Amino acid sequence: MNIYMAEERVSIYRGLKNVYVAESKICLIDHERGKIYYYGYDLDELAQKSSYEEVLYLLLHGRLPTRREFQEFLDRIRGSMRLDPEVLEVMKRVPKDIDMMEALRTVVSYMGNLRSRGPEYTREDVVDYTIDLVAKMPSIIGGLYRMWRGEEPLEPREDLSLAANLLYLITGREYDERDVRGLDMSLILYAEHGMNASTFAAVVVASTGSDYYSSIVAGIGALRGPLHGYANTGALEQFLEIGDPSNVERWFKENIESRKRRLIGFGHRLYRIHDPRAKHYRRWLEENRERFDEETRRVYETAMKLYEVAMNSFLTEKGIYPNCDYWSALLYYVLKLPKEVYTPIFAMSRIAGWSSHIAEYREDNILIRPKAYYIGERDKKYVPLDER
Ligand code: ACO
């Protein structure tokens, strides 16, 4: 939108669409060709060949580790998995009827009270903070879920990866290797995605010279919104609300075609094509389909029918295609994860991206401070309280 103020021409970029706020070497998103690269590495290849732990190393250090470096990195993760008793106390106290993202925000904020070295921190400190936080995340997510159901939290297992620990600490079960691989792939795909809303929120806080944990709490707050990370929870709620493939057409007409609601899990600020991360989820779902039980199959078929109906609707004319949250919701449902943990899992993964951007931005910091163009009244007379 262009408007005029006196002699000056003012441009307003609503939602900061197409505005670049920094240079970055972390993530290239080629939204026309549908390609994503982390530090120059093709995400399609990372999703198939790497692990979340290795991608975390890449995003923190800007390069892949040698075998020895990776072993040391894994040892540091394993050594940081256990929660402090004070953190467990805070987890016990957060109300059970709030959303887990809001509980996570409180717990991470409290962890900052125990760990933070204040606003003066180096890139090495970011690496330390991130390892500590990400390593504890499966225990926090699993612990909150279990405590809210009146169960004891489980101890993290050093013989399991972060993805396997997540599954174990939430459900108490050890999963099939194919399932662990599915979740690990999802953590890789969620780890970083340029200057998205939650990363920007984290970077804005970092730009003021604030402490690391305040930035991460800002990121969690932004990710909790349904237009951003909460869309994976919202997508599952939609599938469950529809209930059966036979209800899809009516539901779509009443809710989406009528413009009453937005289809959650569809649309993206950057893509007017398929989200490049989607194909990896779809391949996993296709390859594991014969293992689905009856209930899972019904939800899967409902989601696939909804996808088909949406792809033949007005949405594609507008360039609205499914985003990664549509498919991650389905993967997590197939893995029998409770919906409370969907967005917290996204947050755990994205701490990698947030931390990477915080460290990079601080190396050439400038306070982020945009303007709002004033359109309100002017020169109003103040009337004392008694005379109003
Ligand atoms: N369902 C129905 N209509 C949609 C949807 C949708 N999911 N997404 C966009 N539209 C429509 C808008 O109503 C608008 O229509 P109009 O031209 O008639 O006014 C048009 O498409 C363009 O929409 P914008 O809001 O300008 O697109 P924007 O880039 O701002 O929005 C967003 C992107 C917020 C993600 C949007 O697509 C949306 O609300 N999607 C649903 C929530 C969701 O899935 N979010 C997750 C995003 S991915 C992530 O954060 C990890």
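The model is predicted, so local features need pLDDT of at least 70 and side-chain atom pairs count only at pLDDT 80 or more, while totals for chains, interfaces and linings use all residues. Residues are numbered from 1 along each chain as its sequence is written, and side-chain values use heavy atoms, with hydrogens and water left out.

Side chains of opposite charge can pair when their charged atoms come close. The structure holds 37 salt bridges (a side-chain nitrogen of Lys or Arg within 4 Å of a carboxyl oxygen of Asp or Glu). One of them joins R63 to E69, with the closest N and O atoms 2.8 Å apart. R63 has a relative accessible area of 38% and is partly exposed. Here buried means under 20% relative accessible area, exposed means over 50%, and partly exposed lies in between (1.4 Å probe, protein chains only).

A second salt bridge brings together the side chains of R224 and D99, at 4.0 Å from N to O. This pair links distant parts of the chain, 125 residues apart. R224 lies in the loop between α10 (212-223) and α11 (231-242), and D99 lies in the loop between α4 (85-93) and α5 (100-115). Helices are DSSP runs (H or I, at least four residues), numbered from the N terminus. R224 is partly exposed, at 25% relative accessibility. D99 is buried, at 17%. The charged end of R224 also sits over the ring of Y230, 4.7 Å from its centre. For such a contact, NZ of Lys or CZ of Arg is within 6 Å of the ring centre and within 35 degrees of the ring normal.

R157 likewise has two partners. It forms a salt bridge with D159, and the closest N and O atoms are 2.7 Å apart. R157 lies over the face of Y168 as well, at 5.3 Å from the ring centre. D159 is exposed, at 55% relative accessibility, whereas R157 is partly exposed, at 21%. Elsewhere, a network of salt bridges links K35, D42, D44 and K279.

A pair of aromatic rings is described by the distance of the centres and the angle of the planes. Rings of Phe, Tyr and Trp (its six-membered ring) pair if their centres lie within 6.5 Å; planes under 30 degrees apart count as stacked, over 60 as edge-to-face and the rest as tilted. The count comes to 13 aromatic pairs. Y129 and Y213 have ring centres 5.2 Å apart and planes at 70°, so the pair is edge-to-face. Y129 belongs to helix α6 (residues 123-148) and Y213 to helix α10, 84 residues apart. Both Y129 and Y213 are buried.

F239 and Y326 have ring centres 5.0 Å apart and planes at 80°, so this pair is edge-to-face. It links helix α11, which holds F239, to helix α16 (residues 324-334), which holds Y326; the two residues are 87 residues apart. F239 and Y326 are both buried. Ring pairs join F239, F266, Y307, Y326 and W327 into a cluster.

The ligand is surrounded by 19 residues, and the closest are H228, R262, L263, F266 and K318; a residue counts if one of its heavy atoms lies within 4 Å. Polar contacts are pairs of N or O atoms within 3.5 Å. A backbone N or O atom of G265 lies 2.8 Å from a ligand oxygen. A polar backbone atom of F266 is 2.8 Å from a ligand nitrogen. In the side chain of N323, an N or O atom is 3.0 Å from an oxygen of the ligand. Taken alone, the ligand exposes 920 Å², and the protein buries 75% of that (Shrake-Rupley method, 1.4 Å probe).

Methods: Polar contact = N/O pair within 3.5 Å; in protein donor to acceptor, adjacent residues only side chain to side chain.
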